[in-house]
Amino acid sequence: MERFYKRKAPDTDTVNNNRNSCLDDLNWEVEIKYDPGLRKQIDAYHPNHREKVRRKYLENGPCQPRKCNFPVSDIEDKPRRFIPEWFDEFGSWLEYSESKDRAYCFCCFLFREKKDAGYESFIVNGWNGYHRKGRLKSHVGDVGGLHYNAMKKCDDFLQRRQHIDVAYNQISETAKKAYFTRLNGSIDTARLLLKQGLPFRGHDESLESNNKGNFKEFYDCLAQHDLELRKAVSTNAAANSCLLAPEIQRDIVECFANEIVHSILEELGNDVFCLLVDESRDVSCKEQMAVVLRYVDKCGIVKERFVGVVHVTETTSSHLKSSIDSLLAKFKLSLKQVRGQGYDGASNMRDARFSNINTIGELSQKMVETGKHRCYPLVYRLLKLVLVLPVATATVERCFSGMKIVKTSLSNRMGDQHLSHRLICYLEKEEMKKVSNEAVVHRFMTMEGKGRKYDL
Ligand SMILES: [Zn+2]
């Protein structure tokens, strides 16, 4: 670029030059005219702008309208007009201006020097000698001629562009691949820390630090043993640091948690469920309310699933209720599904396979196994209602002991949302195992309002 600018001394002979040299950038919408009769000549632009103007024109290609009304005029007593089929023969350069009803040469417009003879006819004024088609052939001329040289400059320019484009695409393809390799490295690291309930951050995460915190230390360790990740990390150190940033760590955790909650809600479907709610103070003395969904899954087995903690600012019953409402709304669950639907009638069942059953839980499982839950839907529903009764449960207690592990006094500045996400991943280990990296990558790349670097 630098070379190109220096090749020619800037000329100052036109007003346009002076005006354009003051502009940092041109308004390309206005500058680049499709109609060749309306264009400003290339040398009317400041030398610094000419290469870019040429590139813009080359991107658009020659103006070759075929469907417009080519006006007929009498030339030497015969009606004549521009013939669009000429574009087939001279397609690489011939242009037609609708506004001027004249033909132009695209290549000469872009690359011919002003001092050259015949500059006016196909560049400045245009040509309309439609009775002499031979003029088009003579414009092309011989090898080494003016048009030929302009044409060659066009080709060179395009090839150079193409070369740059190919090289650029290769670089960006490698960069994109490296980005996703690093993202997967971050996801693997987060997965391990979440499972173990370990803090992510360190006190000193600088390069010189002896302990950069669990996330960075584990990530580095992973990169040491994973050749692909090591290469991806070394290709672009600046971009690499982006995928290790605390916000990215939080986003990945959120993706994991959402994926888990999503599969829990899918299992629950439109069925009834019971809410188990308890509150406790965490280490930073915030009132936290743990929410557990209790429901019967498709195999008739009772499930208790932790779906989050809500930070409660006041413990009045109305406030607690609205907190639960908003949580349910977030999951698109309805309060109607909460246990309390009535039933009428009951049936008795006499079946040898049911004789050894001791608990209601076993009964419900047996019903699904034998298909009886379809014959006796009301009994099955009754059973499910009994099973989701808020009996004393260890699950909620488990949440609070989990909270003590995840939210240690070391990381007591952790946000409520983030704490909730971390707890879901820590407590629902079974579901966590099922979450694939692909699912997390997909959620991560499509998170709203994040403007990720690449599209999926
Ligand atoms: Zn030409």
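Student: Where do I start, and what does the protein chain contain in helices and strands?

Tutor: Start with an inventory. The protein chain in this predicted model has 21 helices and seven strands. Of its 456 residues, 26% count as buried.

Student: What do the contacts in the protein chain say about residues at least 24 apart?

Tutor: Take the contacts between residues at least 6 apart in sequence; 67% of them join residues at least 24 apart. Phenylalanine 400, found in helix H18 (residues 394-406), is 91 residues along the chain from valine 309, and their C-alpha atoms are separated by 9.5 Å. Serine 326 lies in helix H14 (residues 317-330). Between serine 326 and valine 310 there are 16 residues in sequence and 10.0 Å in space, C-alpha to C-alpha.

Student: Are phenylalanine 400 and serine 326 buried or exposed?

Tutor: Count the neighbouring C-beta atoms. Phenylalanine 400 has 17 others within 10 Å, so it is partly exposed. Serine 326 has 10 others within 10 Å and is therefore exposed. A residue needs 20 or more to be called buried.

Student: How do I check the length of a helix, and what span does H4 reach?

Tutor: Compare the distance from its first C-alpha to its last with the span expected at 1.5 Å a residue. Helix H4 (residues 47-60) has 14 residues and reaches 21 Å, close to the expected 20 Å. Just after H4 comes glycine 61, with a positive phi of about 80°. Helix H19 (residues 416-427) has twelve residues and reaches 16 Å, close to the 16 Å expected.

Student: Why is H19 described as largely enclosed by the rest of the structure?

Tutor: Because nine of its twelve residues are buried. Among them are Leu419, His421, Arg422, Ile424 and Tyr426.

Student: What angle does H13 make with H19 where they pack?

Tutor: For a pair of helices, read the angle and the distance between axes. Helix H13 (residues 246-268) and H19 pack at about 55°, and their axes are 8 Å apart. That angle makes H13 oblique to H19. The crossing of H13 past H19 is left-handed.

Student: Which residues of H13 and H19 meet?

Tutor: On the H13 side they are Arg250, Val253, Glu254, Phe256, Ala257, Ile260 and Val261, and on the H19 side His418, His421, Arg422, Ile424 and Cys425.

Student: How does H13 pack with H21?

Tutor: Helix H21 (residues 437-445) packs with H13 at an angle of about 115°, with the axes 9 Å apart. Here the contact is made by Asp251, Ile252, Cys255, Phe256, Asn258 and Glu259 of H13 and by Ala439, Val440, Arg443 and Phe444 of H21. H13 passes H21 in a right-handed crossing. Phe256 of H13 is named in the contact with H21 and in the one with H19.

Student: Now the strands. In which sense do S6 and S7 run, and how many bridges join them?

Tutor: For paired strands, look at direction, bridges and the turn. Strand S6 (residues 287-296) and strand S7 (residues 302-311) run antiparallel and are joined by nine bridges. The hairpin has five residues between the strands, and glycine 300 takes a positive phi near 85°.

Student: How many bridges pair S3 with S4?

Tutor: S3 (residues 94-97) and strand S4 (residues 102-105) pair over four bridges in the antiparallel sense. Serine 97 stands opposite arginine 102 in S4. Both faces of S3 are covered, with Leu94 and Tyr96 buried on one side and Glu95 and Ser97 buried on the other.

Technical notes. Residues numbered from 1 in each chain as written. Predicted model: local features only at pLDDT ≥ 70, side-chain atom pairs only at ≥ 80, totals over all residues. Pairing = 2+ DSSP bridges. Helix = DSSP H or I, 4+ residues; strand = E, 2+ residues; numbered from the N terminus. Contact = placed C-beta atoms within 7 Å. Expected span 1.5 Å × (residues − 1). Axes fitted to C-alpha atoms, helices over the stretch in contact; angles between N-to-C directions. Parallel < 35°, antiparallel > 145°, perpendicular 65-115°, else oblique. Left-handed = near helix turned anticlockwise from the far one by under 90°.
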